[in-house]
Number of protein chains: 2
Amino acid sequence: MSNGEDDAAVRARGRRPARPSGDDREQAILATAERLLEERPLSAISVDDLARGAGISRPTFYFYFASKDAVLLSLLDRVVTEADAALRAAFDAPAGSPREGWQRAISTYHATFRAHRALTVACAEARPASPEVRALWGEVFERWVQRCATVIEAERARGAAPAGPPARDLAVALLSMNERVLYGSLSGDGPALAEPDVVPVLLRVWLTAVYGEGPR
Amino acid sequence: MSNGEDDAAVRARGRRPARPSGDDREQAILATAERLLEERPLSAISVDDLARGAGISRPTFYFYFASKDAVLLSLLDRVVTEADAALRAAFDAPAGSPREGWQRAISTYHATFRAHRALTVACAEARPASPEVRALWGEVFERWVQRCATVIEAERARGAAPAGPPARDLAVALLSMNERVLYGSLSGDGPALAEPDVVPVLLRVWLTAVYGEGPR
DNA sequence: GAACGAGTCAACGCGCTGTCGAGAAACGGG
DNA sequence: CCCGTTTCTCGACAGCGCGTTGACTCGTTC
């Protein structure tokens with residue numbers, strides 16, 4: 001949800017009514033996690049690594065986070081909020097044709113996650129194992145699906161795009177493509193698109209899928 | 001590679017020169033793995049579960065497989081070989097237009113992996129952690145990319161498809177879409193396409209991407 | 001019948017996770 | 001100024017899953 005409640009509100013009402021000493025530790029853990037993720041996957045990072053990196057002992061770690069995954073979730077929450085805001089801005093930007101809107105959205109999506117490569121890859125890999133990560137990602141994905149579907153329907157309504165599969169289905173397929181292609185290109189695993197080619201190729205597929213005639 | 005060497009050749013030259021008793025155990029382990037994967041993810045299945053399910057003790061398991069992942073790899077190898085053969089057949093089938101070829105290929109892809117839902121999902125989830133799984137999947141993926149790229153180039157050469165991004169890049173993007181959409185629909189996680197909609201929607205995107213004009 | 005190799009398992013060591021209970025350190029009211 | 005309360009800290013424990021070791025059985029082979 002990226003509500004920030006699990007972070008801020010709990011902080012306010014529960015812990016830390018006056019003293020600000022332990023907040024640093026929490027930040028230190030997050031920073032350590034981000035740093036270690038640059039060099040190895042989450043599965044190769046133990047709670048002990050995180051704790052030592054933050055200058056505390058392992059049990060103390062559990063005072064701040066329920067698990068390793070909770071740290072990742074907290075990190076993901078920030079990035080996802082950032083991405084969502086950037087994406088909303090890209091869509092709502094007044095200037096240019098709708099096609100330029102797609103272009104802006106795809107570049108923004110790509111740029112945001114590329115700026116947090118290690119975290120993005122780690123989350124993609126943790127998703128199957130962590131219900132929370134799955135839920136959080138599912139929510140933003142659903143939001144983007146709806147946003148895209150709305151735009152597609154608007155384009156169809158004004159006659160700019162032809163009829164086709166349900167706009168929602170198209171959006172799911174295309175966003176899935178973005179996700180997988182981006183992951184491949186960031187993780188460097190297997191056959192992947194080279195960095196500079198990612199956006200133009202994705203854009204091309206989006207444009208033909210949205211504006212192209214179906215089988216004639 | 002699905003070369004079968006790690007399975008068959010090693011079997012022939014190393015172990016089992018005469019006695020056939022232990023082969024059943026190996027099959028029992030594979031069968032147990034496939035059965036247990038129907039009900040829970042690989043991460044929730046221990047080597048002990050596999051061993052007990054096959055009626056042997058845990059150390060004995062290691063006589064047959066190097067690890068849990070090796071079992072999965074062995075299972076994946078079979079499915080991937082099957083999928084590759086089916087896909088090759090779909091492409092090489094003489095009848096119909098090239099567009100029908102795409103349709104056959106996508107349905108075949110979908111049908112094959114759907115028939116092994118649990119295994120497919122497990123492999124997708126194990127891929128980040130297992131270099132062998134990653135390598136095997138990477139190989140078949142690359143093979144499919146090349147096959148698709150070849151067809152796209154042929155279509156362009158005969159004037160049926162317009163110029164566009166490098167055929168290889170297009171193939172990577174579209175196959176990535178297939179992979180992610182199929183995984184989503186099989187794992188039932190997050191926003192996904194409903195089973196019957198998967199093939200038509202994917203096909204539509206493929207056709208517009210390959211045959212549609214780019215931004216005009 | 002000795003030597004060999006396939007197959008089997010109890011027992012071990014390791015690294016990881018998460019928890020418990022006993023403290024130290026800071027506040028807040030009497 | 002002391003005392004209870006809350007925040008924070010960690011040593012030590014319990015448990016699980018992995019992969020290995022070493023010894024033991026049993027059929028085969030020479």
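## Burial first: helix H7 of chain B

Buried means under 20% relative accessible area, exposed over 50%, and partly exposed in between (1.4 Å probe, protein chains only). Helices here are DSSP runs (H or I, at least four residues), numbered from the N terminus. With that in hand, take a look at H7(B), where Ala118(B), Leu119(B), Thr120(B), Val121(B), Ala122(B), Cys123(B) and Ala126(B) are buried. That makes seven of the ten residues of this helix (residues 117–126), so H7 of chain B is largely enclosed by the rest of the structure.

A quick word on the model: it is predicted, so local features need pLDDT of at least 70 and side-chain atom pairs count only at pLDDT 80 or more, while totals for chains, interfaces and linings use all residues. Residues are numbered from 1 along each chain as its sequence is written, chains are lettered from A in the order in which they are written, and side-chain values use heavy atoms, with hydrogens and water left out.

## How the two chains meet

The contact (heavy atoms within 4.5 Å) takes 41 residues from chain A and 41 residues from chain B. Between them the chains bury about 3,300 Å², 65% of it on carbon and sulfur atoms; buried area is the accessible area (1.4 Å probe) that two parts lose on being put together, summed over both. On the chain B side, Arg180(B), Pro191(B) and Arg204(B) lose the most area to chain A, together 21% of what that side buries.

Six residue pairs are in polar contact across the interface (both at pLDDT 80 or more). The elements giving two or more residues to chain B's side are helices H8 (131–157), H9 (167–187) and H10 (195–211) of chain B, and H9(B) gives the most, with twelve residues. A polar contact is a pair of N or O atoms within 3.5 Å; within protein, one must be able to donate a hydrogen and the other to accept it, and residues adjacent in sequence count only if both atoms are side-chain atoms.

## Salt bridges

A salt bridge is a side-chain nitrogen of Lys or Arg within 4 Å of a carboxyl oxygen of Asp or Glu. Over all chains the structure holds 27 of them, and two run between chain B and chain A. Arg180(B) pairs with Glu179(A), closest N and O atoms 2.8 Å apart. Arg180(A) does likewise with Glu179(B), at 2.8 Å; Arg180(A) lies in H9 of chain A and Glu179(B) in H9 of chain B, so this pair joins two chains.

Glu179(A) is buried, at 9% relative accessibility, and also meets Arg127(A) in a salt bridge (2.8 Å, N to O). Arg127(A) sits in the loop between H7 and H8 of chain A, and Glu179(A) in H9, so the pair ties together parts that are 52 residues apart in sequence. Arg127(A) is buried too, with a relative accessible area of 12%.
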